[in-house]
Amino acid sequence: MHQVWQRVFQRLHKSSILSRRNHTGCTEHAAVPASTQSTHIKPKLLVSRLYQPSSLRDLGQDTQLQGENTCKSQRLMLQGGFIHPSNPGCYYYLPATVRSMEKLVRVIDQEMQGIGGQKLDMPSLCSADLWKTSERWDLMGKELLRLKDRHGADYCLGPTHEEAVTTLVAHQTSLSYRQLPLLLYQITRKFRDEPKPKFGLLRGREFYMKDMYSFDVSKEAAYQTYESVCQAYTRLFARLGLPCVQVKADTGNIGGTLSHEFQLPADIGEDRLLVCGNCSFSANVETLSSDRTDCPQCHQTGTLVESKGIEVGHTFYLGKKYSDVFNATFNNAQNKPSIAEMGCYGLGVTRILAAAIEVMSTGDAICWPGLLAPYQVCVVPPKKGSKTDEVTSLAEELVHTLGETLPHLRGEVVFDDRTQMTIGKRLKDAIRLGYPYIIVVGQDALEDTPKFEVICQQTGETLFLSKDGLLELLGRVETV
């Protein structure tokens, strides 16, 4: 018996050694000196590995999708593999779109937190009791997505959260005037039972929105908060390079006494705008007579011109419409409870993405706002062949160099490894997908002074740069 166990332990010992050898890939006597190991690092972000099921060969075919009215942004995003239809008005957001949306969320966070906003997350499932208390359960009509739980209680999927956030603040009975203004916001999915979804992400049943709610000590303070949010919106759209116009708007079923929309001028826009060519006045036609031509601000000296726009933001001064109903109070300077003055402020996150593509892109190629491009750089090596191995290695090393030398571009450079395709076909794909910078690495990269072809999508320029010139150019790229 002792001999049997001895043989078992010997086998286990040998197995352990083999296991350690397999794990490390070498034994002590077979170790490879570090100095002889290759330092060449293969790119990790490869076009062939990105989940982006595009149909770029079909670009230009303006087909109807699920009976919806289509537009340029919808067609480009579908054919580029950025979105995929689920059911009418609902889409899968594919990885490239999620990257872009996350960047937009970071820009929004920066601007909202820059004026004192605090981010939270509220339930999408909202009790009907709250909406009945504010009398909006019936007012919202069929656009409100309603459901019952197993106990027969009524709920809705929130298209907006005035009731919910006011109830939240009302539960904090110790809120002091010193804590105001209080600005609470979230970025979440919203739902609307849209009768006729159309134009992709521009008008759907499920979408992402930033909604902020403010609580102030007085009407004057609430107006100051309102103005600071409007200024933050203006800065945000300027950073994105989108020429939005702030127009006077109707308060609709949100309520309140003051409202403005942030409109992106576009031919497919569903809102009709009246803009004065002489002063800063602009308004949604809903707030004026549609046949009015004289400006109410500068009167006879200015003429109102009608145009169309896509609403990408909306602001409301609510007063005490909700805070009074839900008893959202704060303790004033005399330590007495006072009703808070409120405002609410929305940004259509997914709508901003689609609207930007709609107004910035050509008919067959996406153009992103620089900050929001899913990836900033695409490196295109030559087609696979006997004389291209050295050039391909240089292209791979360039990807590594960009990440190491320019830290802000880490995770922003993709390598088009589909070398079975010609440079021309891959270049066409890269242009259509909207990479802001496309670097073609050809034989010129082997010269004593290597040259790289750089296509700048934002400006339409094609440059031929040395490595230092390339690093200088990309060093100025802003990322978020």
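**A helix pair and its surroundings**

A: The axes of helix 10 and helix 12 come within 11 Å and cross at roughly 50°, where axes are lines fitted to C-alpha atoms, for helices over the stretch in contact, and angles run from 0 to 180 degrees between N-to-C directions. This is a predicted model, in which local features need pLDDT of at least 70 and side-chain atom pairs count only at pLDDT 80 or more, while totals for chains, interfaces and linings use all residues. Residues are numbered from 1 along each chain as its sequence is written, and side-chain values use heavy atoms, with hydrogens and water left out.

Helix 10 and helix 12 are therefore oblique to each other (under 35 degrees is roughly parallel, over 145 roughly antiparallel, 65 to 115 roughly perpendicular, and the rest oblique). On the side of helix 10, the contact (heavy atoms within 4.5 Å) is made by Leu 398, Thr 401, Leu 402 and Thr 405, and helix 12 contributes Lys 467, Leu 470, Leu 471 and Leu 474.

Within helix 12, which spans residues 467-475, the buried residues (under 20% relative accessible area, with exposed over 50% and partly exposed in between, for a 1.4 Å probe and protein chains only) are Gly 469, Leu 470, Leu 471, Leu 473 and Leu 474.

Elsewhere, seven of the nine residues of helix 6 (residues 162-170) are buried, so helix 6 is largely enclosed by the rest of the structure. The buried residues of helix 6 are Glu 162, Glu 163, Ala 164, Val 165, Thr 166, Thr 167 and Val 169.

The side chain of Asn 332 reaches the backbone nitrogen of Lys 336 at 2.8 Å, and, leaving aside neighbours within four places in sequence, Asn 332 is in contact with Tyr 177 and Ser 338.

Technical notes: A polar contact is a pair of N or O atoms within 3.5 Å; within protein, one must be able to donate a hydrogen and the other to accept it, and residues adjacent in sequence count only if both atoms are side-chain atoms. Helices (H or I, at least four residues) and strands (E, at least two) are DSSP runs, numbered from the N terminus.
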